[in-house]
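Okay everyone, thanks for coming. Have a look at the sequence and the structure on the screen, and then I'll walk you through how the parts meet.

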2 protein chains.
Amino acid sequence: MATSWLSIPKQSPFSLANIPFGIISTLSSPSPRPAIAIGDYALDLFAFASSGGFSKLSSFTPHIDVFAQPTLNAFAALGRPVHRQVREYIQTILKSDTPFPELLQSNDTLRQSALIPRAEVTNHLPLKIGDYTDFYAGLNHAYNVGVLFRGPDDALQPNYKHLPVGYHGRASSVVVSGTPIRRPNGQILLNPAATPKLPTFSPCKKLDIELELAAFVCRGNSLGEPIPINEAEDHLFGLVLMNDWSARDIQAWEYVPLGPFNAKNFATTITPWVVLMDALEPFRARGLSADSADSLLPYLREQKAAESVYDIKLEFDLKTENGTVTKLSKTNATNLLWSFPQMVAHHTVTGCNLNTGDLLGSGTISGAEKGTLGSLLESSDGGKTPIKLADGEERVFLQDGDEAMLRGVCGKEGEYVGFGECVGKILPALKL
Amino acid sequence: MATSWLSIPKQSPFSLANIPFGIISTLSSPSPRPAIAIGDYALDLFAFASSGGFSKLSSFTPHIDVFAQPTLNAFAALGRPVHRQVREYIQTILKSDTPFPELLQSNDTLRQSALIPRAEVTNHLPLKIGDYTDFYAGLNHAYNVGVLFRGPDDALQPNYKHLPVGYHGRASSVVVSGTPIRRPNGQILLNPAATPKLPTFSPCKKLDIELELAAFVCRGNSLGEPIPINEAEDHLFGLVLMNDWSARDIQAWEYVPLGPFNAKNFATTITPWVVLMDALEPFRARGLSADSADSLLPYLREQKAAESVYDIKLEFDLKTENGTVTKLSKTNATNLLWSFPQMVAHHTVTGCNLNTGDLLGSGTISGAEKGTLGSLLESSDGGKTPIKLADGEERVFLQDGDEAMLRGVCGKEGEYVGFGECVGKILPALKL
């Protein structure tokens, strides 16, 4: 692996092998603009492009206005081949033996202005999201939750292994990591066994996380024109980590017959840096789907079915208000029954149109045993078994002041392709 | 009621009492731009504003750029008081004894260019839709469908009368009336009783309509700040008719446990002309909710609970390929258990943020008996009883070439406040 002339900590998720894209602003320059993350820095792509940084990539120079936009939508819409060229070019600029040191390395003024310590940077949503769809492709999660609600014999619905179950989510309340999360108020059933069932208006008492991956769409399709499974990857820009905050008590009361609504619509947090599909290519792995691929309907069968998901190590830490951090879960993104290309093919098989900036969530990713679970609902056996924290405190669901911290990374030290942190701290509910 | 110097057919849904807003283009001027509908004409508001048409409404002239936009979002975002002023001003300009004939009536050149026969106009989506939410507020529909699936004793879920059940819908595939609808392909269970349950990939065989109203949001709220019920009306721009096309066989297989997805995501049709809330004010009526208002949780209790919906006569006609038109349903928008302000209050009580351009569907509106039903699923008893058409043909669900025509109107001859037609013709499924 090439090294960089820039000092990059060996533990950084943003090694030279990564080059994820995001939107930043700074105190001195408050207009949101594109950047990449590299080690402890963000490279301001507006500044870099404005100073002729892309002059050696002549195929891209007609498009450099995409880096003068407040979102990555225009860049994403250029398509996979362009993302690949630009990422590789930026790697070339940053590597120790770059043939173009004058474009950044030896240009002290530009380095000063364009390479910004990430600690000084404010992150924004990387793309303007059109529609947000959340799938349910985490087989173990679906099974675990099914056992809690219906018992082991009937845990998975009959459709589960035939199609990627999904639902439309709320796009407006997707926020970037670090945004505080206000505990929602809503209707809950204090005593589900009582008759008649009379709801109470209350702050959510069962506030939970859901550890997910999510994909951004780079190019869409026209209404009425499905995306074939083997073209689906060309429509994906990159991945982020996602916390699909969930109010379990609101959900239990409201979700029949049309699915979760208020239980999910108050916030969904994503990481700010989009890891491009090309950066993930070396980490293709066998998911849970490969065995059953032959029995799938043809529109869901992938050419590379055996390696259609990614080997991404995932973690969930809980930080309480006194600063104690407890690692509650370690799992892996291979725990998915369905790949993102399968989700795209299924989503569009009716003719539904995707657009640049649409967000597709994987669903909660859990392993099969304790310590690998992607939600507190599962870790606490549906709220029945308290979870011990590092300082002896206990949790069933999230308390005010708790901070949920998700992390995900591929690869090895010095070459990590990571997502950074997906963080949100719980604020007390409004008194309504 | 005032009369107009313009000849307006007595049967027109677009009387001087209406003044609905939309987005048009014409062959000679293909840029989409705002307009109002009046009788058989559209008044091009870009042309009217550009020629000084709003010069006698000085409070609005700083904002006239909103009529140089390709959507109504900027106009909507100005808020209810501005919509009211502009609508009343346009009524003043159009009425027989207008004090300002020089602004349109006696300006022959402008009349020629700005008053365009609607037959020559192409309609576009009136607003750019952010998120689209569909509720389930049609009590009779929910009951009828519940009887079909669960029998009369268990027809309504326990939550139904406590909260407006709703789900997130697909915004990208909302289309304007007249757009052809491609029959979707998808997974269906040909024999639901067989074990194991093995789906077939097939064109939808149970394609249905859903007769709905929908509201556009004019002003949103910040994330974390609920909209109180008695402020909710200030956030509504106006109403349209909506056909929430539904693939019943795809829905039956996919919808557990997260709700309908592919069964709805291929298309939703709305009327092009937004009838402003002020135009509907004279038609406030008692809905189905008034009796139970006292038992509601306070955040859903309205000051004007007794008149929180609208007396809108609704119709559903089916036109088959040979030109035969059969009236299949006549109903009324009073058949709603929940009002749009209640939907807004419930949607945002968790802190969920609404934005200008968000679309809120009412859910299917049905009466209690045959001939008043808002879907074929209900009219055909779940597909069991064929429906006779005017020429002796029969239907259970929609066939290729069928055209569903929804209409809605308030008021009386010469003063109609109507929505026009919400139309879509079924194209054969793609061969995949």
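**How the two chains meet**

So, the contact between the chains takes 57 residues from chain A and 57 residues from chain B, contact meaning heavy atoms within 4.5 Å. Quick housekeeping: this is a predicted model, where local features need pLDDT of at least 70 and side-chain atom pairs count only at pLDDT 80 or more, while totals for chains, interfaces and linings use all residues. Residues are numbered from 1 along each chain as its sequence is written, chains are lettered from A and ligands numbered from 1 in the order in which they are written, and side-chain values use heavy atoms, with hydrogens and water left out.

Back to the interface. Chain A and chain B bury about 5,500 Å² between them, 63% of it on carbon and sulfur atoms; that's the accessible area (1.4 Å probe) the two parts lose on being put together, summed over both. Which three residues supply more of chain A's share than any other three? They're His168(A), Leu258(A) and Phe261(A), with 15% of the area that chain A buries against chain B.

There are 4 salt bridges between the chains, a salt bridge being a side-chain nitrogen of Lys or Arg within 4 Å of a carboxyl oxygen of Asp or Glu. One example has Asp358(A) and Arg170(B) meeting at 2.6 Å, N to O.

**Inside chain A**

Chain A itself is assigned domain 1 (21–124) and domain 2 (132–427), with bounds from an automatic or database domain assignment. Their C-alpha centres lie 31 Å apart. Here 20 residues of domain 1 are in contact with 16 residues of domain 2, and the area buried between these domains is about 1,600 Å², with carbon and sulfur atoms giving 62%. The domains also share 2 salt bridges. In one, Arg84(A) pairs with Asp278(A), the closest N and O atoms being 3.1 Å apart.
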